[in-house]
Amino acid sequence: MIDHLRSIPVEFFWLFGALLVLLSIASAVAAVLSRRPADEKLAASRANLTARINAWWVMVGILAVAFLAGSTMTLILFALASFFALREFITLTPSRPGDRLPLSLAFFLVLPLQFVLIGMARYGIFAIFIPVYAFLLLPSIAALRSDIEDFLSRTAKQQWGLMVTVYCLSHAPALLMLDIPGGPKRSALLLFYLLLVVQMSDVMQYVFGKLFGRTRIAPVVSPSKTVEGFVGGGLAATAIGSAMFWITPFTWVESAAISAVIVLMGFLGGLTLSAVKRSLGAKDWGVMIEGHGGMLDRTDSICFAAPVFFHIVRFFYT
Amino acid sequence: MRPSSALLVGVVKLLVGAYGRWIGTAPGPAQRIYFANHTSHIDTLAIWSSLPRALRRRTRPIAARDYWGSGLKKYIATRGFGAVLIDRAREHAEVDPLEPLRAALREGDSLIIFPEGTRGAAALPAKFRSGLFRLASEFPSVELIPVYLDNLHRSLPKGALLPVPVVCTVRFGAPVSRIPDESKEAFLERARDAVIALADPKATA
């Protein structure tokens with residue numbers, strides 16, 4: 001136990017302590033604010049604020065788990081997140097009786113296996129398992145049921161859901177398996193780095209959008225995304241990311257460039273999943289569920305940023 | 001709550017969410033008959049899990065003895081969620097199958113029943129059978145709450161072995177009133193319409 005704790009880089013304790021203090025202040029402020037009287041719009045903004053702060057608590061929790069309980073526990077946490085995200089996706093995707101077996105297999109076989117392969121650090125297999133094997137076999141099973149109604153659109157939507165919610169998201173904990181200089185605890189810091197930049201980018205784009213937002217980027221898809229919000233928030237998140245270079249194997253210039261890529265991918269993830277969601281007829285992934293934020297609303301940016309960040313680190317730093 | 005119940009509720013929530021939405025009524029201690037559309041084996045558990053914990057202890061689902069009456073399923077039904085087992089097959093023709101339900105109502109418990117009598121494949125319920133009418137007239141003080149289970153026909157329909165995890169919303173509507181001298185058919189039709197009205201989330205949001 002003592003040896004295990006000694007092997008944890010000292011940066012972790014600094015980060016963890018600083019975040020706990022900051023978050024406690026944020027939660028206290030939000031709690032005080034929510035007691036003040038407010039009209040409907042203001043109350044909605046405050047609820048949004050609370051949801052974002054809670055997302056940060058979750059992130060800090062994952063950080064703590066990744067370091068203190070180890071990579072297996074982190075994989076289980078992300079597998080659960082994938083499960084809930086896929087459940088939301090499938091709920092809003094029309095299916096027919098012939099899809100039942102492939103869908104059950106997606107949840108109970110493909111999803112766990114993907115995370116097991118990551119746990120075994122078998123990059124050669126986990127990188128192709130869903131894009132090739134699930135892609136070929138799940139529709140084949142559906143085809144055996146001889147139901148051709150909307151066949152292509154049904155199987156395409158299911159594969160899309162599996163790719164985003166399981167394959168893409170699983171690249172975040174896959175960072176723990178990378179053999180970067182400094183050992184496995186260093187790769188846990190990379191997972192933290194990814195989550196930090198993505199979340200910072202979301203928060204900063206939200207803040208800049210509220211303050212200066214005028215020009216909407218794609219009004220039909222996502223009315224809250226503006227050029228001003230994206231540029232201002234993206235630059236701020238990039239600055240924060242580059243300032244965090246000391247927990248990574250990157251120089252600060254590299255860290256700025258990599259943060260910019262994470263920001264861009266996260267933005268595209270939010271935008272694209274928003275378009276998917278609207279084409280399926282919902283505004284929020286969790287809209288049918290009162291008091292439930294929606295796992296995909298919280299993880300859409302990570303789904304898009306994680307694989308690209310993973311590849312950058314794997315190709316250039318291992 | 002017993003550990004077996006907590007485990008059961010946890011599994012149900014993981015698989016199908018079972019998020020309760022109280023649209024026409026609020027959860028409360030009043031004695032009630034919840035009646036719902038029936039499409040899957042998880043229905044009973046989904047409604048029961050969606051209730052606030054305090055209400056679960058006094059709310060008893062009805063389960064068919066021919067399915068839930070033996071082995072592990074019996075253990076789950078009686079120890080897990082305190083089910084009232086009834087004879088669908090009418091093995092004992094002289095005994096009224098509603099008798100165990102009356103006993104539970106007399107003890108002050110609330111009930112969860114499926115007036116279609118069997119599971120259907122469609123999203124909307126089939127014709128209701130008369131049990132609900134008889135209980136409604138014999139126990140006039142018990143509130144009749146229509147419940148619509150969304151999406152469960154996609155999760156574990158008749159004949160399926162493995163569930164598909166989908167998010168299920170359990171919508172609780174306003175109590176169905178009793179109209180003096182209403183015919184059985186008219187009452188059952190009205191009760192069924194109350195469940196169907198909850199099927200459209202836009203109409204009730």
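In the predicted model, helix α7 (residues 129–144) of chain A and helix α8 (residues 151–168) of chain A have axes that come within 10 Å and cross at roughly 145°, where axes are lines fitted to C-alpha atoms, for helices over the stretch in contact, and angles run from 0 to 180 degrees between N-to-C directions. Helices (H or I, at least four residues) and strands (E, at least two) are DSSP runs, numbered from the N terminus. The crossing of α7(A) and α8(A) is right-handed, a crossing being right-handed if the near helix is turned clockwise from the far one by less than a right angle, and left-handed if anticlockwise. On the side of α7(A), the contact is made by residues including Ile130(A), Ala134(A), Phe135(A) and Leu138(A), and on the side of α8(A) by residues including Thr155(A), Gln158(A), Leu162(A) and Met163(A); two residues are in contact if their C-beta atoms, placed from the backbone, lie within 7 Å. By class, the residues of this contact comprise 11 nonpolar, 3 polar and no charged, with Ala, Val, Leu, Ile, Met, Phe, Trp, Tyr, Cys and Pro counted as nonpolar, Asp, Glu, Lys and Arg as charged, and the others, Gly among them, as polar.

Residues are numbered from 1 along each chain as its sequence is written, while chains are lettered from A and ligands numbered from 1 in the order in which they are written. Local features need pLDDT of at least 70 and side-chain atom pairs count only at pLDDT 80 or more, whereas totals for chains, interfaces and linings use all residues.

Chain A is assigned domain 1 (74–177) and domain 2 (180–318), with bounds that come from an automatic or database domain assignment. The centres of the two domains, taken over C-alpha atoms, are separated by 23 Å, and their contact takes 17 residues from domain 1 and 21 residues from domain 2. On the domain 1 side, α4 (71–92), α8 and α9 (171–174) of chain A each supply at least two residues, and the largest share, 6 residues, comes from α4(A). This side of domain 1 divides into 13 nonpolar, 3 polar and 1 charged residues.

The largest nonpolar core has 130 residues, and those with the most contacts inside it include Leu169(A), Leu194(A), Ala306(A), Val16(B) and Val147(B); such a core is a set of buried Ala, Val, Leu, Ile, Met, Phe, Trp, Tyr and Cys residues joined through C-beta atoms within 7 Å. Its largest share, 14 residues, comes from helix α10 (residues 184–212) of chain A, and at least three residues are drawn from each of domain 1 and domain 2 of chain A. Ala306(A) touches Cys168(A), Leu169(A), His171(A), Ala172(A) and Leu194(A), not counting residues up to four places away in sequence.

Between the chains, the contact takes 13 residues from chain B and 14 residues from chain A, the chain B side having 8 nonpolar, 3 polar and 2 charged residues.

Ala121(A) lies in the loop between α5 (100–119) and α6 (123–126) of chain A and counts as partly exposed because it has 13 C-beta neighbours inside 10 Å, a residue being buried if 20 or more other C-beta atoms lie within 10 Å of its own, exposed if 12 or fewer, and partly exposed in between, with C-beta atoms placed from the backbone. Asp181(B), found in the loop between β7 (169–172) and α9 (184–197) of chain B, counts as exposed, with 5 such neighbours.
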